[in-house]
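Trainee: I would like to learn how to read a new structure. Could you show me where to begin?

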Amino acid sequence: MNFEHLIQINDPENPLVDTLSRDQLWQGLLQRVENPIPFLPGLESSTILERHGDTLLRELDFGPATIQDRVTITPGTAVRFDILPSETHAGGSLTITIEEPEPDFLFLRFAYETTLAIDPNSEDRAYIDYVKSAYHQSDVDCVRLIRMFAAGVTLQ
């Protein structure tokens, strides 16, 4: 299953939305790379196993399950998380890209690639819709945490 969506970060026409700079947004994404615990519910610990330039190998401990992911950073633009296939996880990826179609109009594009098959007539359709909804909610929470980080709140 491939699934993607946009979340608008800035809306210069709406004074109720706090504006983030591109750098603040980028620093928030890097925070997700370096300190993923606040961003991933259930994550108990995270260890960086390797770091080579703009690529990291991490081990994420969720208690009953431990996964490894490879994080590829495209400075100032995108972060890609590739979950390595294992006995407990089939693998998949998430790419988060900063988009700025006009000055000060910032968006984050979240693009998922999973092993879930999409068959519109499948009994699994409700499950797939649930997964998409969970991804979207997780991404809304990610933006909320980035806003908190930009405001100077220490993420635990």
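Mentor: Let us begin with a helix and the strands it covers: α1 lies across β2, β3, β4, β5, β6 (92-102) and β7, and runs at about 170° to β6. Helices (H or I, at least four residues) and strands (E, at least two) are DSSP runs, numbered from the N terminus. Axes are lines fitted to C-alpha atoms, for helices over the stretch in contact, and angles run from 0 to 180 degrees between N-to-C directions. Contact means heavy atoms within 4.5 Å. This is a predicted model, where local features need pLDDT of at least 70, side-chain atom pairs count only at pLDDT 80 or more, and totals for chains, interfaces and linings use all residues. Residues are numbered from 1 along each chain as its sequence is written, and side-chain values use heavy atoms, with hydrogens and water left out.

Trainee: In what order do the strands of the open sheet come?

Mentor: Two strands pair if DSSP finds at least two bridges between them. Here 7 strands make an open sheet in the order β1-β7-β6-β5-β4-β3-β2, with antiparallel pairing. At the edges stand β1 and β2, each with a single partner strand, so one side of each is left without a neighbour in the sheet. From one strand to the next, the twist averages 20°.

Trainee: Over how many bridges do β2 and β3 pair?

Mentor: Strand β2 (residues 45-52) pairs with strand β3 (residues 55-61) over 7 bridges, in the antiparallel sense. Ser45, for instance, has Asp61 in β3 as its bridge partner. The two strands form a hairpin with 2 residues between them, and Gly53 in the turn has a positive phi of about 60°. Further along, strand β4 (residues 66-74) and strand β5 (residues 78-83) pair over 6 bridges, also in the antiparallel sense; Val79 in β5 is the bridge partner of Ile73.

Trainee: What does α2 lie across, and which of its residues are buried?

Mentor: An α-helix has 3.6 residues a turn, so residues three or four places apart point the same way. In this model, α2 lies across β1 and β7, at about 35° to β1. Its buried residues (under 20% relative accessible area, with exposed over 50% and partly exposed in between, for a 1.4 Å probe and protein chains only) include Ile128, Val131, Cys142 and Ile146. The buried residues of α2 pack against β1, α1 (22-34) and β7. Just after α2, Gly152 takes a positive phi of about 95°.

Trainee: How many aromatic pairs does the structure hold?

Mentor: Rings of Phe, Tyr and Trp (its six-membered ring) pair if their centres lie within 6.5 Å; planes under 30 degrees apart count as stacked, over 60 as edge-to-face and the rest as tilted. The structure holds 3 such pairs. Phe3 and Tyr112 have ring centres 6.2 Å apart and planes at 25°, so they are stacked. Phe3 is in strand β1 (residues 2-8) and Tyr112 in strand β7 (residues 105-113), so this pair ties together parts 109 residues apart in sequence.

Trainee: And what about Phe3 and Tyr135?

Mentor: Their ring centres are 6.4 Å apart with planes at 25°, so that pair is stacked too. Tyr135 belongs to helix α2 (residues 125-150) and Phe3 to β1, so the pair ties together parts 132 residues apart in sequence. Phe3 is buried, with a relative accessible area of 15%, whereas Tyr135 counts as partly exposed at 22%. Ring pairs link Phe3, Tyr112 and Tyr135 into a cluster.
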